[in-house]
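I opened the model to look up its aromatic rings.

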Amino acid sequence: MSALKDTLRETIALEGPITVERYMSLCLRHYYGTRDPLGSAGDFTTAPEISQMFGELIGLWMLEVWNGMGRPTGCRLIELGPGRGTLMADLLRATPLLPDFKAAATVHLVETSPSLRKKQQDALAASGFSLHWHDRIEDVPPGPTLLVANEFFDALPVRQFVGTERGWCERLVGLESERLIFGLRPEPETALGTPLKHGDILEWPGASIDVFSELARRLVRDVGAALILDYGYWGPAFGDTLQALKAHRPVDPLEAPGEADLTTHVDFHRLAQAAVVQGARTHGIAAQGDFLQALGIDARAAALKARATPAQAADIDQALARLTERGPTGMGDLFKVLAVTHEAIDAVPGLPALSPSS
Ligand code: SAH
């Protein structure tokens, strides 16, 4: 039995049922703080871990946006939730194309896990860039900003509300003879209005909205652009998207608290609205496959294959197919891309403009 399971039981026995948001928050802190969850030996695999092409193309995106901004100095290149540091390492490898960039930028990694910070340090030490770690985006010093976040917002906790005849009631995690179970707060959250259908589930990504609002405020204040890639959709939509993954297989989210990865799907519409409220401009969304192809992933794969062994060429083809695969289970469709910029940046590579009112 895990120590966190005991703590949760004690907390619930003492204080009563806790919200799904608090449950997720306690589990995720324990989970990310105690392991490297990525790769075939871990619980899940992300796009940068599939191929270097992913980070390299994002590096080219950053260079083009920086160039369009008039090549400002004192630039903050920020990544939220950098995992093993693979995306940032691949991204930085693409930057010598504009040699002035190195002197113009410092790298800022927003990461709460000490063990992943260590991996990031190892992955980035040879880059020659000045590296800085922060617990929160608020702690990154001001300056023109280029920000990337891949599979970060799906790892932040959400509140869940269930439609009942009484109204929207918050979903809670409680105890039934020592077992964790889902339940409902009896009193409805009246501010949410009346549910159209009983049984609908409404997810409220409060933590994501807070981070998103902060990054948008920053882009408006200091100029810059942010690129957000995640498993998600353009809402509104109703449904329970809470998922737990252990060793690449779905498990019950209450089964192994703090030992499985917990995620929810990202509602890009809600995040885009939070950015627009701050006066920022949004671009996209696009499906990841369309975005990577617009940035030239096919040509990049061909260039890599031209100097690869037959076995390496087969790996490159496989990675290309995985990153861009369409259809209901393909990463190229399931993952979406949204950019947020200062209002003066009216176009970014690979993404259609989105009208601020939508
Ligand atoms: N972007 C990486 C890793 C995604 S996993 C990739 O694509 O491979 C999620 C990452 O976010 C991990 O690095 C995790 O430690 C970090 N993380 C999770 N919650 C966080 C929080 N609240 N603040 C900062 N980092 C967080």
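I counted rings of Phe, Tyr and Trp (its six-membered ring) as a pair if their centres lie within 6.5 Å. The model is a predicted one. By that cut-off I found 7 aromatic pairs in the structure.

Entry on Phe101 and Phe129. I read a centre distance of 6.2 Å and a plane angle of 55 degrees, so I noted this pair as tilted. I then looked up where the two residues lie. Phe101 is in helix H6 (residues 101–104), while Phe129 is in the loop between helix H7 (114–124) and strand S4 (131–134), so the pair ties together parts 28 residues apart in sequence.

Entry on Trp168 and Phe238. Their ring centres are 5.7 Å apart and their planes are at 20 degrees; planes under 30 degrees apart count as stacked, so I logged the pair as stacked. Trp168 belongs to strand S7 (residues 167–176). Phe238 sits in the loop between strand S10 (224–233) and strand S11 (243–246). I noted that this pair links distant parts of the chain, 70 residues apart.

For Phe238 I got a relative accessible area of 45%, so I wrote it down as partly exposed.

Entry on a charge over a ring. I found the charged end of Arg171 over the ring of Phe182, 3.8 Å from the ring's centre.

Definitions and conventions:
Residues numbered from 1 in each chain as written. Predicted model: local features only at pLDDT ≥ 70, side-chain atom pairs only at ≥ 80, totals over all residues. Heavy atoms only, no water. Phe/Tyr/Trp six-rings, centres within 6.5 Å; stacked < 30°, edge-to-face > 60°. Helix = DSSP H or I, 4+ residues; strand = E, 2+ residues; numbered from the N terminus. Buried < 20%, exposed > 50% of the residue type's maximum accessible area, 1.4 Å probe, protein only. Lys NZ or Arg CZ within 6 Å of the ring centre and 35° of its normal.
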